Amino acid sequence: MADPRELYQQVILEHNKKPRNFGKINGCTHQAEGHNPLCGDQLQLTLIVQEGIIEDIQFEGRGCAIDVSSASLMTTAVKGKTVKDTLNLIQGFRALVRGEWNPATHGDLGKLVVFHGVKDLPVRVKCAVLPWATLQSALDGSPIASTE
Ligand code: ZN
C-alpha cells in the first residue's frame with residue numbers, strides 16, 4: 001500500500017498543476033483579495049451567493065503549490081454549500097492546519113484532510129490558510145483579506 005503521505009502529496013501536486021475553478025466570474029456578488037507577503041502568494045476570489053448558497057466560486061492569482069492546491073480544493077469543497085456550512089468548514093480547515101482538528105467538533109473535512117501535513121510546516125500554514133481567510137473576508141463583505 002502506498003504511503004498515505006505520498007498520496008496526500010499527489011493530490012496537492014495534481015491540484016496545483018490543474019487548478020479547479022480557475023478564473024473570474026463576471027457579475028459576481030462577492031469578492032476579495034488575499035496576499036501572503038511571506039511567500040508571495042496572491043489570489044482573487046469571485047463568488048455568486050444567492051439565498052445563502054454559494055452557487056459559484058472561482059479564483060485567480062499565483063502562489064506556491066500549497067496555496068494554489070488549497071484554493072482549488074476549497075472551491076470544489078464549498079461550491080453548492082450554504083454560507084453557514086462554509087463558515088464552519090473554514091473553522092475546521094484552520095483547526096486542521098494547526099493540528100487542532102477534531103472530527104467531533106469540526107465535522108468531516110473530506111478530501112481537505114490532505115492538508116493535515118501542513119501543521120508540521122509552520123511557514124506553509126499561512127499559504128494553506130490564505131484562500132480560506134480570503135473566502136471568509138469575501139463572505140463578510142470586507143474588500144481586502146487579512147492574511148493573519
Ligand atoms: Zn505559499
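Student: What kinds of residue line the largest pocket?

Tutor: By class, its lining has eight nonpolar, three polar and one charged residues. Ala, Val, Leu, Ile, Met, Phe, Trp, Tyr, Cys and Pro count as nonpolar, Asp, Glu, Lys and Arg as charged, and the others, Gly among them, as polar. Keep in mind that this is a predicted model, where local features need pLDDT of at least 70 and side-chain atom pairs count only at pLDDT 80 or more, while totals for chains, interfaces and linings use all residues. Residues are numbered from 1 along each chain as its sequence is written, and side-chain values use heavy atoms, with hydrogens and water left out.

Student: What makes a residue part of that lining?

Tutor: A lining residue has an atom within 4 Å of a pocket point; on a 1 Å grid over the protein atoms alone, a pocket is an open set of points where a 1.4 Å probe fits, with protein on both sides within 12 Å along at least five of seven lines. Here the lining includes R5, Y8, H116 and L121. Helix α1 (4–17) gives the largest share, five residues. The space inside comes to about 250 Å³, counted as what probe spheres set on the points fill, with grid points joined across faces, edges and corners.

Student: Which residues hold the zinc ion, and how do you know they count as donors?

Tutor: C39 (SG), D41 (OD), D41 (OD), C64 (SG) and C127 (SG) coordinate the zinc ion at 2.2 to 2.6 Å. Donors are N, O and S atoms within 2.8 Å of the metal (3.2 Å for Na, K and Ca), so these atoms pass; water is not among the atoms, so sites may look incomplete. C39 sits in the loop between β1 (30–36) and β2 (41–50) and C127 in helix α5 (residues 122–140), so the pair ties together parts that are 88 residues apart in sequence.

Student: Why is the pair of F93 and F115 called edge-to-face?

Tutor: Rings of Phe, Tyr and Trp (its six-membered ring) pair if their centres lie within 6.5 Å; planes under 30 degrees apart count as stacked, over 60 as edge-to-face and the rest as tilted. The centres of F93 and F115 are 5.6 Å apart and their planes are at 65 degrees, so the pair is edge-to-face. F93 is in helix α3 and F115 in the loop between α4 (103–106) and α5, 22 residues apart.

Student: And what makes F93 and W132 a stacked pair?

Tutor: Their centres are 4.5 Å apart, with 15 degrees between the planes, and that counts as stacked. Both F93 and W132 are buried. Ring pairs link F93, F115 and W132 into a cluster.

Student: How do you know that β1 and β2 pair?

Tutor: Two strands pair if DSSP finds at least two bridges between them. β1 and β2 have seven bridges, in the antiparallel sense, and H30 has L47 in β2 as its bridge partner. Strand β3 (residues 53–62) also pairs with β2, antiparallel over nine bridges. As for the names, helices (H or I, at least four residues) and strands (E, at least two) are DSSP runs, numbered from the N terminus.

Note on methods:
Buried means under 20% relative accessible area, exposed over 50%, partly exposed in between (1.4 Å probe, protein chains only).
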